[in-house]
Amino acid sequence: PQEGTNEIKVMEIDALAGENLRRLMLRKGLKIYDRKTKRFDMPYATGDCGGEGLCGTCLVAVKQGYDLLNEKDNLETFITKGRPVSWRASCRTVVGADNKGGELRIAISPQSNFEDEINPGVKSVL
């Protein structure tokens, strides 16, 4: 992807073991979604899928604390295919690998910095 000009802010958040990352960020009042980011399942639709793991709009780039997160399941692996390894779908990510919480450093909506992520066109889900 070609790098854009948007600056991505890195945030630090404390998380307890067992917390879903998307719900944690919403509870803390963090802005998860970028209006410019298109859904990969319906690129002409707006809004998110409500945490069902269908749209790919809740991506985060994990800068610190990756070892505290669950392994990617099949759906999250599909959502993040072709993207940097540090990117996670926050709706599918649970803190607490080995039942351990801690501090995470994350960049919210890293895809906002890449033109082909903002305007992905129709992608096959097969």
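Trainee: What should I know before reading the values?

Mentor: Residues are numbered from 1 along each chain as its sequence is written, and side-chain values use heavy atoms, with hydrogens and water left out. Since the model is predicted, local features need pLDDT of at least 70 and side-chain atom pairs count only at pLDDT 80 or more, while totals for chains, interfaces and linings use all residues.

Trainee: How many helices and strands are there in the protein chain?

Mentor: Both kinds of element are DSSP runs numbered from the N terminus: helices are H or I with at least four residues, strands are E with at least two. The protein chain has three helices and four strands. From the N terminus on, their order is β-α-β-α-β-β-α.

Trainee: What is the order of the strands in the sheet?

Mentor: Strands of a sheet pair through backbone hydrogen bonds, either parallel or antiparallel. Here two strands count as paired if DSSP finds at least two bridges between them. The sheet is open, with the order β1-β4-β2-β3 and antiparallel pairing. Its edge strands, each pairing on one side only, are β1 (10-15) and β3 (87-89). From one strand to the next the twist averages 45°, taken between N-to-C directions on a scale from 0 to 180 degrees, with axes as lines fitted to C-alpha atoms.

Trainee: How many bridges join each pair of strands?

Mentor: Six bridges join β1 to β4, and in this pair Ala15 stands opposite Gly102. The β2 and β4 pair has four bridges, and β2 (residues 59-64) is joined to β3 by three. Val60 has a bridge partner in two strands: Arg88 in β3 and Ile108 in β4.

Trainee: Which residues have the most contacts inside the largest nonpolar core?

Mentor: In soluble globular proteins, nonpolar side chains tend to be buried together. A nonpolar core is a set of buried Ala, Val, Leu, Ile, Met, Phe, Trp, Tyr and Cys residues joined through side-chain atoms within 4.5 Å. Buried means under 20% relative accessible area, with exposed over 50% and partly exposed in between (1.4 Å probe, protein chains only). The largest core has 25 residues, and those with the most contacts inside it are Ile13, Leu21, Met25, Leu104 and Ile106. Two or more of the core residues come from each of β1, α1 (21-27), β2, β3 and β4. Over the protein chain, buried residues make up 43% of the 126 residues.

Trainee: What is Leu21 in contact with?

Mentor: Contact means heavy atoms within 4.5 Å. Leaving aside neighbours within four places in sequence, Leu21 is in contact with Ile13, Val60, Ser90, Thr93 and Leu104.

Trainee: Thr93 lies in a loop; why does Thr93 count as buried?

Mentor: Thr93 counts as buried because its relative accessibility is 0%. The loop in question runs between β3 and β4 (102-108). Beyond four places in sequence, the residues in contact with Thr93 include Glu19, Leu69 and Glu76. The side chains of Thr93 and Glu76 also make a polar contact of 3.3 Å; the term covers N or O atom pairs within 3.5 Å where, within protein, one atom can donate a hydrogen and the other accept it, and residues adjacent in sequence count only if both atoms are side-chain atoms.

Trainee: Where is Ser109, and is Ser109 buried or exposed?

Mentor: Ser109 sits in the loop between β4 and α3 (115-118). Because its relative accessibility is 7%, Ser109 counts as buried. The phi of Ser109 is near 55°, a positive value in a residue other than glycine.
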